[in-house]
Amino acid sequence: MHTITLREGADLDGFRRAVRRLAASRTEPDTVLWSVGAPSLFGDDAAPASENGLPLFLPHAVGQLIETVVCHGDPERYALLHRLVWRVLNGERALLDQHADPLVHRLERLDKAVRRDIHKMHAFLRFRALPDPDGGERYVAWFEPDHHIVEAVAPFFVERFESMVWTILTPKGSLHWDRQHLMTGPPAERPDSLADDRFAEGWLRYYESTFNPARVNPTAMRAEMPRKYWVNMPETAAIPAMVRSAPARVQAMLEAEAAIPRRRTPEKAVAAMARQAPESLADLNRLIQRSEPLVPGATQAVLGEGPEGAAIAIVGEQPGDQEDREARPFVGPAGQLLTAALEEAGIDRGSLYLTNAVKHFKFVQRGKRRIHQSPTAGEVKHYRWWLMTELGFVRPRLVVALGATAALALSGRPVAVLRERGPMAFDGWDGFVTVHPSYLLRLPGDEERRRAQAEFVADLRRAAALA
Amino acid sequence: MDDALIEKLGILADAAKYDASCASSGAKPRSGGKEGLGSTTGAGICHAYTPDGRCVSLLKILLTNHCLFDCVYCINRRSSNVRRARFTVAEVVELTLGFYKRNCIEGLFLSSGIIRSPDHTMEQMMLVARTLRRDHGFAGYIHLKTIPEASPWLIEQAGLWADRLSINLELPSDHSLKAFAPEKNGGTIKAVMGQVNERIVEAKEERRRFSPAGQSTQLIVGADDATDRSVLETSGTLYQRYGLRRVYYSAFSPIPEASSVLPVKPPPLQRENRLYQADWLLRYYGFTVEEIASGGEGGMLDLGIDPKLAWALKNRERFPVDVNRADREMLLRVPGLGARAVDKILSARRHTRLRMEDLGRLSSGLRRARPFLIAADYHPVGGLTDRLDLRQRLVTPSSQLSLF
């Protein structure tokens, strides 16, 4: 008979070392006695320290099961796990798939119990805020887990409350987090009292108020929140009174006469409610400025510019780097090109309403440069409500879409600009589609660019004539 | 936290408790890190249970219980005489952070009566979420109840910050909506559901964040004359057409200050329970609304037994099922076998022929499943499923236990 003594609690490392040794010496599970804590009465005759064994290659699921089950309080856990490892190493690689096998079934139940205990500690642990000597707040909790899970729950609390200073005390060990390091400590005593600021009182009020007396069902409550956890949860103190008073509260509701409503004027209220849309272009612009960009990047919204009632509204794609800095549309290179083309076509830029389909500059940062990114169809769609509302205030006779993005925003469908350029009916507006000036900037040859530019100017002339 | 705030919390939590949704699951795992606060784990955590058996996962409150609408089933309707209160954006933020730091909640569920205008209300709610996320690095769960009459731009903005958006349909038919919620418009509600669904699908394709935990809705059961069949038909449509994650069923329960239009009566809690079971069959067990409804009578589910058993009893010719041979679809239709038990059976039977004793270790509902099964060592003789008293044998009289 071999006796192996592991330390108190969840001794995953000790178990791992022991199992490696046992596997190396092909020791059968029936000949091993596992004990925890104090040395066994039979004397500890674990194999010599030199014989550490080799790493075992176990299926991933087996490793996971071991990690959980060692946390269980059952003194038999190590023997059961050893038996599992033995069988897996001796031809039953897929043993864990055989859920009906008595050993697997037993281990699955232990696994489930530990997982439930971990879950309940995540859920039912309550921190109290205590003032810290250095002026901050320190959070302290007391919890009584069933199993040896204190170390297993630590990552959850560290991740969730990384920016807080906290301590978790349990009879099975303690955890301390100072925003940098996690320290584990010895088992603790239940603190006499954990005074808190008034949040605890507020929480109790919330708990009482969120309960519906007409649905009282304490059995369902206890199935999920057994009484053993209540001692750690301040709100449970209110339960007896809540249950006791429930029937009377329901009876009172049933017996009460139907309420006689106070006089109110529904028509007025509902009419007031209907007047919620922005009432002017200025209103709308305030909304746009307050809103979060729906594309990544952008320091500020770039609003439309020009007189309300302009005969022609020109809709571009979206602001570029320079527009984003100045919060004005069409001031960058493409904007300058547009201004020049308008001049050539004999159109006064000041008489037009200029805006963009997307109100924010979308970019990725590369070193010091902000590289423009085209908006996706989805992003264009998000901005459509703003664009349409905006045009509703400007009321132009003709809407000119510069490029595919603007045409998509205005027509709601993808448009092949070069093929479909010319007049087009938009959603409720007479429209005209032409290229975006930035397309002209990108053309490679001088000759080609001159020709395209002339066509662009011709388009602008046609649009002006239509308007 | 002063007395006034505690008092408001009492009023505005009380006013929010009739909303059934409380889940905090479905968000991708994330964490607020060194500067922020909180995390989501994907699975959701229930932090407490109240004596009505429902869990407390989120701080579920209204921004205000003032309301312009006059929906008869709602305690906050314009004509009700309840005490009114109103939180500021800062107060809701303070409460959420305070409770979250004490590990009382997974996050916030914020709803509101409609004040001033739907847009104003929706904007305040959106601002709460934005402040939590942007100014406090809050990484916990946020569920916003959309005001369907609000402008599309606000719904867009809300989706940037919330994990889940929901719009309550409340009543399954346009007809009852008109009768009980005169200012509500079924068309508007569904249009917003459509908009939200479209945005969610787009955002997924473009790997952007927009209500990543989907959308849900609530139907009130027992306030109007709708049958279970029509309730389930509505749900079926909502799942299919708008990709809803969940439809919550809330048994109409007596409220203080009830309207005289509604008969005041105890809540049909059992009916709510059966609808949830039926909903489950719809979403995870491959049942159709038609099949589920056929288990009951006159469009109503059988209150005495669960809908799967009801269906099985009316389709006895399809049983018993051989656990060692049947496909997954058929095993899922065996009363008492849940999806997890079925998966275990499928993986276990690759290695061995299952006997009754084995099944006992795989499923905790074997007592009910027994008459519908064939196992390696068990062939029900004389056709147990033909027995007329099968239903009685399977139904144990339930009695409510008292706590104290």
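Buried means under 20% relative accessible area, exposed over 50%, and partly exposed in between, computed with a 1.4 Å probe on protein chains only. This tour relies on that scale at several stops.

The model is predicted, so local features need pLDDT of at least 70 and side-chain atom pairs count only at pLDDT 80 or more, while totals for chains, interfaces and linings use all residues. Residues are numbered from 1 along each chain as its sequence is written, chains are lettered from A and ligands numbered from 1 in the order in which they are written, and side-chain values use heavy atoms, with hydrogens and water left out.

**Stop 1: the two chains together**

Colour chain A and chain B separately. Here 106 residues of chain B are in contact with 91 residues of chain A, where contact means heavy atoms within 4.5 Å. Between them the chains bury about 8,400 Å², 58% of it on carbon and sulfur atoms; buried area is the accessible area (1.4 Å probe) that two parts lose on being put together, summed over both.

The two chains are linked by 11 salt bridges, each defined as a side-chain nitrogen of Lys or Arg within 4 Å of a carboxyl oxygen of Asp or Glu. Next, select helix α1 (residues 3–14) of chain B, which gives the largest share of the side of chain B that touches chain A, 7 residues. Helices (H or I, at least four residues) and strands (E, at least two) are DSSP runs, numbered from the N terminus.

**Stop 2**

Select Arg160(A) and Glu106(B), whose closest N and O atoms are 2.4 Å apart in a salt bridge. Arg160(A) lies in helix α5 of chain A and Glu106(B) in the loop between α2 (89–101) and β6 (107–111) of chain B, so the pair joins two chains. Both Arg160(A) and Glu106(B) are buried.

Then select Lys381(A) and Glu202(B), which form a salt bridge with closest N and O atoms 3.0 Å apart.

**Stop 3: salt bridges within a chain**

In chain B, select Asp343(B) and Arg328(B), a salt bridge with closest N and O atoms 3.1 Å apart. This pair links distant parts of the chain, with Asp343(B) in helix α12 (residues 339–348) and Arg328(B) in helix α11 (residues 328–331), 15 residues apart. Are these residues buried or partly exposed? Asp343(B) is partly exposed, with a relative accessible area of 37%, and Arg328(B) is partly exposed at 32% relative accessibility. A network of salt bridges that share partners joins Lys381(A), Glu156(B), Glu198(B), Arg199(B) and Glu202(B).

In chain A, select Glu447(A) and Arg450(A), whose salt bridge has closest N and O atoms 3.6 Å apart. The two residues are 3 apart in helix α18 (residues 446–466) of chain A, and are therefore separated by about one helical turn. Both Glu447(A) and Arg450(A) are exposed.

**Stop 4: His147(A)**

Select His147(A), in the loop between β4 (137–142) and α5 (150–160) of chain A. His147(A) counts as buried because its relative accessibility is 11%. Its side chain reaches the backbone nitrogen of Gly73(A) at 3.0 Å. Leaving aside residues up to four places away in sequence, His147(A) touches several residues, including Cys71(A), Asp117(A) and Lys172(A).

**Stop 5: helix α15 of chain A**

Finally, select helix α15 (residues 403–411) of chain A, where 7 of the 9 residues are buried. Among them are Thr405(A), Leu408(A) and Leu410(A). Gly412(A), with a positive phi near 80°, follows α15(A).

Definitions and conventions
Polar contact = N/O pair within 3.5 Å; in protein donor to acceptor, adjacent residues only side chain to side chain.
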